[in-house]
Amino acid sequence: MDEHIATITRCMDQVLAGKEISREEAETLFAAGKEEPFFLMAAADKIRKTFCGDRMRFCSDVNARSGRCTENCKFCAQSGWYHTGVKEYPLRSPEDLLREAKQAEAYGAERFGIVTSVCCSLGLLTEEQLKTLKAAGCQRIHCNLETAKRHFPAICTTHTYEEKEAHIRRIQQAGLEVCSGGIFGLGETEEDRIDMAFALREHHVTSVPFNIFNPIPGTPFGKNKPPKPIEILRMFAMYRFILPRAIMRVCAGRENSLRDMQAFALSAGLNGAMIGGYLTIAGRSPERDKQMAVDMGRTL
């Protein structure tokens with residue numbers, strides 16, 4: 001057997017047996033995946049099917065207010081630090097948000113996110129605020145790590161990675177689930193990408209959204225280029241080995257970066273997608289995404 005295929009198979013069998021792979025094993029697996037990307041993807045999808053089944057998990061969100069964010073995340077259209085031409089508006093009415101939620105439900109979304117800032121969906125909240133949200137029926141709070149701890153200061157300086165980690169702990173202590181992932185293509189290294197996966201595992205994150213960098217003119221990263229499709233798919237597969245039971249969703253940037261290979265995300269271990277658009281970026285129709293899932297053998 002080819003050594004790369006043997007490495008991938010060994011790691012797959014280890015995960016299927018309920019054992020975690022180590023950081024060193026992940027690095028070896030990643031190297032093998034460069035040589036055999038489609039075998040890595042197939043192995044990741046076997047892990048997905050074993051632990052998560054064939055159900056496709058759709059979510060949707062709404063930009064409840066837009067622009068003038070005080071954070072300086074270098075990738076974001078809504079940061080008040082940059083001139084991106086994004087449409088600005090104050091907090092939308094409860095009636096507007098309810099209408100958006102009903103539309104998302106009609107699309108087939110089982111989760112609906114209300115987003116009011118760029119560092120996480122409702123900002124860095126206090127323990128009391130989190131308890132209030134739980135009492136109101138909220139089940140899950142979103143707070144992206146975005147990237148690895150080492151790389152985070154290169155993309156944002158108005159809040160810290162440590163503040164995000166503390167917030168994730170507060171969310172869990174309040175009895176709420178955590179949705180946390182990041183963006184591929186922010187100038188991070190391959191080591192940074194693996195680091196983020198292990199940070200998510202350390203924090204016991206149950207829902208992981210993957211965004212692919214989409215250059216926004218006017219931001220410091222406005223001329224950066226997104227990763228290549230096969231590179232993105234390898235990372236999706238790698239994360240499934242490290243987080244075998246998590247809901248993993250492909251989100252913003254997939255249309256531009258994966259192009260005709262969007263369906264391959266579902267054969268690389270992912271079991272979810274965000275539908276209907278991404279805050280300031282339009283997506284494709286939910287009907288096409290639902291058909292893609294059905295065509296890939298998933299249940300809705």
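Start with helix α7, residues 190–202. This is a predicted model, and α7 has 13 residues in it. From first C-alpha to last, α7 reaches 19 Å. That is close to the 18 Å expected at 1.5 Å a residue.

**Colour α7 by burial.** Of its 13 residues, 10 are buried, so the helix is mostly covered, taking buried to mean under 20% relative accessible area. Select D192, R193, I194, D195, M196, A197, F198, A199, L200 and R201: these are the buried residues of α7. Charged side chains are on that list, among them D192, R193, D195 and R201.

**Show what lies over them.** The cover includes two strands, β5 (182–184) and β6 (207–212). It also includes the helices α2, α6 (161–173) and α8 (229–242). Two of these helices get their own stop below.

**Select α2, residues 23–35.** Helices α2 and α7 pack with their axes 11 Å apart. The angle between them is about 130°, so the pair is oblique. The crossing of α2 past α7 is right-handed.

Now show the side chains at this contact. On α2, pick R23, A26, E27, F30 and K34. On α7, pick E190, E191, I194, D195 and F198.

**Move to α8, residues 229–242.** The axes of α7 and α8 come within 10 Å. They cross at roughly 30°. The two helices are therefore roughly parallel, as angles under 35 degrees count as such. Here too the crossing is right-handed, with α7 passing α8.

Display the contact residues. From α7 come R193, M196, A197, F198, L200 and R201. From α8 come E231, M235, Y239 and I242. By class, this contact holds 7 nonpolar residues, 3 charged and no polar.

Stay on F198 for a moment. F198 is buried. It meets α2, and it also takes part in the contact with α8.

**Step past the end of α7.** Select H204, which follows the helix. Its phi is positive, near 55°.

**Zoom out.** Show the whole protein as a cartoon. Its secondary structure comes to 10 helices and 8 strands. How much of the protein counts as buried? Of its 300 residues, 52% do.

Methods: Residues are numbered from 1 along each chain as its sequence is written. This is a predicted model: local features need pLDDT of at least 70, side-chain atom pairs count only at pLDDT 80 or more; totals for chains, interfaces and linings use all residues. Side-chain values use heavy atoms; hydrogens and water are left out. Axes are lines fitted to C-alpha atoms, for helices over the stretch in contact, and angles run from 0 to 180 degrees between N-to-C directions. Helices (H or I, at least four residues) and strands (E, at least two) are DSSP runs, numbered from the N terminus. Angles under 35 degrees count as roughly parallel, over 145 as roughly antiparallel, 65 to 115 as roughly perpendicular and the rest as oblique. A crossing is left-handed if the near helix is turned anticlockwise from the far one by less than a right angle, and right-handed if clockwise. Contact means heavy atoms within 4.5 Å. The expected span of a helix is 1.5 Å times one less than its number of residues. Buried means under 20% relative accessible area, exposed over 50%, partly exposed in between (1.4 Å probe, protein chains only).
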